Amino acid sequence: MSIKPILFSSWSSSCSWRVRIALHLKDIDFTIKPVNTSKGEHKTKEFQEINPMKHVPALKIDGKTLIESLAIINYLDEAFPQKPFLPTNIYQRAQSRAIADVIASGIQPLQNMKVLKYTAKEGESLNLNFARHWIKEGFESLEEIVSSSSGKFCVGNEVTIADIVLIPQVTKARQFKIDLTPFPTICRIEKDLKVLEAFHKANPLRQPDCPNDLTDYNKSFFE
Ligand SMILES: N[C@@H](CCC(=O)N[C@@H](CS)C(=O)NCC(=O)O)C(=O)O
């Protein structure tokens, strides 16, 4: 890898956050190119050439542009096999992928800004109840799944792709004001992951595009 990878990322986007965690876990030095989704920078013609889906993240690496956070994470795992994101046991590999998919396909798309704008009722800017409903339901399933798969982390005692995807989603749940007390296993795993260096570095509060006028209340979701 001759040129530093460039990550098109938005500080508070959960999907960008996943890729930042993965890059840090692999000790890859990268540059962040902030994309301000609140200002619609992901919808410009210029950005559409990078990601036709008009989503962050995207990663320029090895002379190519990659899109879709899970595909990017899997690319990184294949290109940099040290500290793998999947266990060696094939059943646990399937469990790790399943947890990542439950969040990436079953929860996050239903809280995405464009969905909440599109489903908003008259007088609302975002349909927050829609997001809350699906996050809560998703977490009920997720708690059951991780209760049987987890050791210290989501699957056994090593960090896997499931943990990479879990952390940003737990914060999103908090931002959407979901009561997390019915999900003790998820909360325990979150606590153990947050202290790891890669997770600390990838935190939205430590990103170059994190606004410097965030209130303590808004900061508290990420701490
Ligand atoms: N499946 C995609 C989803 C990406 C995605 O939804 N990104 C959000 C931020 S987390 C986004 O760019 N949303 C823009 C919008 O809703 O307009 C991935 O995993 O990369």
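Residues are numbered from 1 along each chain as its sequence is written. In this predicted model, local features need pLDDT of at least 70 and side-chain atom pairs count only at pLDDT 80 or more, while totals for chains, interfaces and linings use all residues, and side-chain values use heavy atoms, with hydrogens and water left out.

The ligand sits in the largest pocket. Here a pocket is an open set of points on a 1 Å grid over the protein atoms alone, with protein on both sides within 12 Å along at least five of seven lines; a molecule sits in one if more than half of its atoms lie within 2 Å of its grid points. Helix 1 (14–25) and helix 5 (113–118) are the elements that give two or more residues to the shell around the ligand, and helix 1 provides the largest share, three residues. Helices are DSSP runs of H or I with at least four residues, and strands are E runs of at least two. Because domain 1 (6–83) and domain 2 (90–204) both contribute residues to this shell, the ligand lies between them; the domain bounds come from an automatic or database assignment.

Of the 14 residues around the ligand, His42, Val56, Glu68, Ser69 and Asn112 come nearest, a residue being near if one of its heavy atoms lies within 4 Å. The shell divides into four nonpolar, seven polar and three charged residues. Polar contacts (N or O pairs within 3.5 Å) to ligand oxygen atoms involve side-chain atoms of His42 at 2.9 Å and Arg18 at 3.3 Å, and a backbone N or O atom of Lys114 at 3.0 Å. Taken alone the ligand exposes 510 Å², of which the protein buries 89% (Shrake-Rupley method, 1.4 Å probe).

A cis peptide bond, with omega about 5°, joins Val56 to Pro57, and Pro57 lies in the loop between helix 2 (45–50) and strand 3 (58–61). Glu68, in the loop between strand 4 (64–67) and helix 3 (69–79), has a positive phi near 70°.

Conventions:
Polar contact = N/O pair within 3.5 Å; in protein donor to acceptor, adjacent residues only side chain to side chain. 1 Å grid on protein atoms, 1.4 Å probe; cavity = no way out; pocket = protein on both sides within 12 Å on 5 of 7 lines; lining within 4 Å. Nonpolar A, V, L, I, M, F, W, Y, C, P; charged D, E, K, R; others polar.
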